[in-house]
Structures are given as structure tokens and as C-alpha cells.
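Colleague: Please take me through the side-chain and backbone features of this entry. I shall ask about them one at a time.

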Amino acid sequence: MDSHGAPRTSRYARSEDQRLQDLDKINKYRQLEHSIRTQVSADKYDAALFQLTSKLLRLNPEYYTIWNVRRRCLISGLLSGHSDGSSPSKVSPSTCPKDTTNQFSDFSSPSSWDPTRPDPDSPIAGKSGTTADKTNDADADASVLQAELAFIIPLLLDFPKCYWIWKYRRWLLEQSTTRLPAAAARNIWEAELALTAKMLTKDCRNFHAWGYRRYVVAALEDPLLGGWSMVEGEFAYTTKKIRLDLSNFSAWHNRSQLILRLLEEREADDIARKDFLEKELDLIREALDVGPEDQSLWYYHQYVMSQVLPDIGKSTIAPALSVAERVAYARKEIDNIKDLLEDYGDVKWIYEALLEYTIALRGLEEYAGDKLGLENPQQWLERVRKLDPMRAGRWDDIEKQLASTFI
């Protein structure tokens, strides 16, 4: 079994030496976990505890409690006390362990870090609240946050779908917005956008990375960071990713989330919107001609057709289409889909689309004011029932629907 084309490591019988080595690793892991819990119980969120979290998270980044401990270490000493919700500094380590050794230079900044926090008893430790003090705090915070972002990179490469790594990284970015000047924070967020591009080059269908990219783009568009709309660039990015891999469901989904906003910002008139709709239909039609067995393509085709056969008056790509135009588009798509049956007669997605669009066309008859002369989709239902018997209940419900509408 594989995942996105990457074969999984096969299991094999362990030798006695390997078993003993594994037991030794388990014991060391448990000792490390015990050390962390002991310090947490004693409320010692210091540099030593911070170093222990680094060791454990490299072994097991799924341990979400340790990420929370690491946050507490940062808030309690390594970061300044200016952020909302931060507790007063409990410790002020002069140096931090060099936790960010990183062999992945293409993805990260320098691998070691040694941020210094000002001594709270020093006259320059923020007592006077001068601009210089705030600047020093911001510079120190920037160093700590950038080092933490770099620490995470190797973990992301090894565990790209670990929720807790992504959540912690989001927290770090939010700290940059809260603690740093807008220009400095924006630089960090822009570097993060470049990182998502590299992650999606490594695995173009990683839905965590796609969701994270949307999150980063939204932040870069925010006025707090001096942002502006990035919808044009992001829409072009989805086109690029789709051209590289038609099966990229996340890219198709991201595209669907951008379209209405894109048209609104372009101030597209009815003619431009209709032209845009036709181009999207051409794009997905070409993709279906190449891979009609691909579920992600049918989902996007379904989305585009929902713009043609929606509830009248709904906000869509081309809301000004007349009923006659909607019917014409739907009939054309149904005919094109039927053509696929010549070479792909055993693909259930084809029959399911024919079934769905024929039923949707029937819903337009009340707006057309006349019968559209539609064929009974019972034949498509029979075929999809044979190809997908696991959803028998669904097909039974549709059959009851057909009995009441196609009589």
C-alpha cells in the first residue's frame, strides 16, 4: 500500500539485538518524559526544561502536551512580557540550547541559535519603558521566534501531516504579529508563504500544507501586516498546481474557494463572468477527457455545474444566466459526459454525474415554464447501482425520488 506514490516501510522480523536496542530506546524515552513531568510539576519552566522538550519532540512530535510545555517555557522567560496573555517572566536564561540543528538547508534558516533575554534586574531590562527597550525586546523576540520556526522544519519534513506541529507553528506566527513591528512580522509571514510552496513541491496534495497556505495568505492580506489582496496570485497558483497534477484535489478545492472573490475584485460584468464560466468548464472538461476515473475531477465538475444549475438567485459565477442558457450548458455537459462512455463504460462517476445533472435539469422546468423533454435517468441509476452496491440505501432513496418526479 502506498501514500501519494510514496511506498510505506514494510515490516520485518527483529533480531534479538534489535529488540534490545528498541527496549533501550523505550527506557530512555520514558526517563526523558519523567524528567519533563517532574519539572512541570515543580513549575520550573526554565532553559533546562526547554532543552528537554526539544529532545522529546524530535523523538515524538505527536506528543501535543509537550508542545504546550514548550509554549510555557517561551512565555515564562525566552520571550518578552509584552504579548497579550503572557505570564510574568519566571526565569531569564542568558542562553538557550542550540536546538535547531537542521540538515535541510533548502527549507530553513541557520541551524543554531543562541538568543539572549535581558536581565530583569538590569537598568536596561524594560524598566524605563523607552523606545530603545521596546526595540531590544522586539529584536530579541524576533530571534527567538525565527529560531523556533527553524527548529520545526526538520520535524515537518519527517512528519508533514502532524497536526500538533502545524498548530504550534501557527501559534509562533501569531506571536510575531503580536510582539513585533508590522514590517518585521510581515517578513516572517512572507518567509512562511515561501515555505508552504516548498512543502507543496515536496507533496503537492498535502491538505495540511494547503490549509496552512490559506491561513498564511489570509494573514498577509490583513491590514495589521500592511496587507493587500492576493487572490489573483493564489488563483494562478492553483492553475499551476493543477497543470502539474490533475489529481490534486486540494488545488481544485482551493480554486473553488477563490473564484467568487476573484470575480468580485475584478468587478467582472455579466459578459466577463459568462466567459469565465466557459473557461472553467473547458478546463475541467479537458481534465475529464484525460482521467474520467479521477474522483477529484468530478467533484470540481460538480462544483462548476452547481454554478449553472443552482437555486435561482444564488450568488454564483454567472448569476445573470437565463434559464435557457442554463439548460443549454447542462445539456452540452451531459452530451460530453455520454461520449466518455465509449471508452470508460465501467466508471461509476460518469453514471453518477449523468444521474445528478438530469435530476437537476428537471428542477429548472418550473422556471422554464415548459417541459424540457428530459430522458428518464433510471438507466443511469441502474448502472451506478451495479457499480457501487455499497451505497444501496442512497440509490434506493434516489429511485423513490425518480418515481415522483419522472412520471
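**Charges, rings and loops**

Colleague: Where does the charged end of Arg186 sit?
Modeller: The ring of Trp228 has the charged end of Arg186 over it, 4.3 Å from the ring centre. The criterion is NZ of Lys or CZ of Arg within 6 Å of the ring centre and within 35 degrees of the ring normal.

Colleague: And which ring has the charged end of Arg70 over it?
Modeller: That of Phe151; the charged end of Arg70 sits 4.1 Å from the centre of this ring.

Colleague: What should I know about the source of these values?
Modeller: The model is predicted, so local features need pLDDT of at least 70 and side-chain atom pairs count only at pLDDT 80 or more, while totals for chains, interfaces and linings use all residues. Numbering runs from 1 along each chain as its sequence is written, and side-chain values use heavy atoms, with hydrogens and water left out.

Colleague: How many helices and strands does the protein chain have?
Modeller: The protein chain has 15 helices and two strands, taken as DSSP runs numbered from the N terminus (helices H or I, at least four residues; strands E, at least two).

Colleague: What share of the residues counts as buried?
Modeller: Of 407 residues in the protein chain, 44% are buried, that is, under 20% relative accessible area with a 1.4 Å probe on protein chains only; exposed is over 50%, and partly exposed is in between.

Colleague: Turning to the rings, how many aromatic pairs does the structure hold?
Modeller: There are 13 aromatic pairs. Rings of Phe, Tyr and Trp (its six-membered ring) pair if their centres lie within 6.5 Å; planes under 30 degrees apart are stacked, over 60 edge-to-face, and the rest tilted. One of the pairs is Tyr64 with Trp164, which is tilted, at 4.8 Å centre to centre and 40° between the planes.

Colleague: Where do Tyr64 and Trp164 lie in the chain?
Modeller: Tyr64 is in helix α3 (residues 64-78) and Trp164 in helix α5 (residues 163-179), so this pair, 100 residues apart, links distant parts of the chain. Tyr64 is partly exposed at 46% relative accessible area, and Trp164 is partly exposed at 29%.

Colleague: And the pair of Tyr300 and Tyr303: what is its geometry?
Modeller: Tyr300 and Tyr303 are tilted too, with 5.7 Å centre to centre and 40° between the planes. About one helical turn separates the two, because they are three residues apart in helix α11 (residues 295-308). Tyr300 is buried at 2% relative accessible area, and Tyr303 counts as buried at 18%.

Colleague: Which residues form an aromatic cluster?
Modeller: One cluster consists of Trp166, Trp189, Tyr212 and Tyr215.

Colleague: Back to α11: where does Gln307 stand, buried or exposed?
Modeller: Gln307, which is placed in helix α11, counts as buried at 4% relative accessibility. Beyond its neighbours within four places in sequence, Gln307 is in contact with Leu260, Leu277, Ser315, Thr316, Ile317 and Arg326.

Colleague: Now the backbone. What is phi of Asp43?
Modeller: Phi of Asp43 is near 60°, a positive value in a residue other than glycine. Most residues other than glycine have a negative phi. Asp43 is in the loop between α1 (16-41) and α2 (47-59) and is partly exposed at 40% relative accessibility.

Colleague: What is phi of Glu267?
Modeller: Glu267 has a positive phi near 55°. Its place is the loop between α9 (249-266) and α10 (270-290), and Glu267 is exposed, with a relative accessible area of 70%.

Methods: Contact = heavy atoms within 4.5 Å.
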